[in-house]
Amino acid sequence: MRLTSLVSYIISGLLIYLSFWIAEGSNFNPLMFWDLASFLVILGGLAINLVNFKFSEIINALKDSFSSIPGNDFRARYELDKVIIRSMGNFVLFAAVIFFVLSFILVLGSLESTAKLGPSLAVSLLVIIYAVTLKVLLFIPLSVSLDKKILQLQEKAAG
Amino acid sequence: MRFFSIIAYAASGACLYMALLMAWGGNFNFLYIYDLSAVIGLIAGITLSLINFKFSEIFQAIRDSLSGSPKSYEILNLDRNVLQTAWKYLFSVSVILVFAVMVIILSNLGDTTKLGPSLAIMSIIPLYTLILKFFIFMPLEISLEKKIILAKQQKIPGQVV
């Protein structure tokens, strides 16, 4: 990973924080976005990847997306890494959507107390925020990085 | 499928269940998310796959993605196609059902007390579809994809890995 990647992460994070701050002003509190249940859902989404991949394969995929290209014979390995990273992102998103729909059903099933409706729906939306953030900040950059390496290897092989 | 896969399934299911308990406590009851009409609708969606594939082909696709025995690139590609088609049919049927229920709800908007429960039942259909995708279709497809990459690695297509 290059130094500029880190800088772009920081700039992007700061801009998002600034946009929140402008929109919400003093009402904005980062602690509002902490929810243990949502965190567990994301863990559940990550854990199901072990159905198909060994833990070492997942670690290798993460390592490979950061490291430089060692040789031409790594193309199949990078393709496998890409499948791993993509499936991690998809599983996390699906787990989040399942939990959101479940919460939505439970909220709709108990509509008598409308005072609790807003907060319950807000908490159920947090899981989607977690999943999308993880996908945007981690899985998409890693997957694109692997894509780039596969393309470079293809170019090398073509001559 | 490795033995460890079952543990991974259990761990993931336990995380989701714990999250539900944390978020909803004693209010959560599995009966809230049971709906027979949704189950029948989804069975109809899966049955639609028989338009394109024989029952044996579907069974073979599931068996190939679970077994560790080597298969040729073409067979694995066909298996992946079978699973993807089954998922497409299932998804399309669930979308049709959701919109059908929505039309029924919107045409009976006079009684607002029933609005919440009706919307809840409407959301159960996509929930079932998502659960099927998360726990069955995606793991099987990814397992096949992994095998396809390994089969492709062997230079000659069709060669057993």
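The expected span of a helix is 1.5 Å times one less than its number of residues, and helices here are DSSP runs of H or I with at least four residues, numbered from the N terminus. This is a predicted model, in which local features need pLDDT of at least 70 and side-chain atom pairs count only at pLDDT 80 or more, while totals for chains, interfaces and linings use all residues. Residues are numbered from 1 along each chain as its sequence is written, and chains are lettered from A in the order in which they are written.

I begin with chain A. Helix α5(A), residues 117–158, has 42 residues and should therefore span 62 Å; its end C-alpha atoms lie 59 Å apart, which agrees. Helix α5(A) has a kink of about 40 degrees centred on Lys135(A), the bend being the angle between axes fitted to the seven residues ending there and the seven starting there.

Helix α4(A), residues 75–109, packs against α5(A) at about 170 degrees, with the axes 9 Å apart. Such axes are lines fitted to C-alpha atoms over the stretch in contact, and angles run from 0 to 180 degrees between N-to-C directions. The pair is therefore roughly antiparallel, a term for angles over 145 degrees.

I turn to chain B. In α5(B), residues 115–153, a kink of about 45 degrees is centred on Lys133(B). The axes of α4(B) and α5(B) come within 10 Å and cross at roughly 170 degrees, so these helices are also roughly antiparallel to each other.

Finally, how much area do chain B and chain A bury between them? The value is about 3,600 Å², 82% of it on carbon and sulfur atoms; buried area is the accessible area (1.4 Å probe) lost on being put together, summed over both parts. In chain B, Trp24(B), Phe134(B) and Lys146(B) lose the most area to chain A.

Methods. Heavy atoms only, no water. Helix = DSSP H or I, 4+ residues; strand = E, 2+ residues; numbered from the N terminus. Parallel < 35°, antiparallel > 145°, perpendicular 65-115°, else oblique. Buried area = accessible area lost by both parts, 1.4 Å probe.
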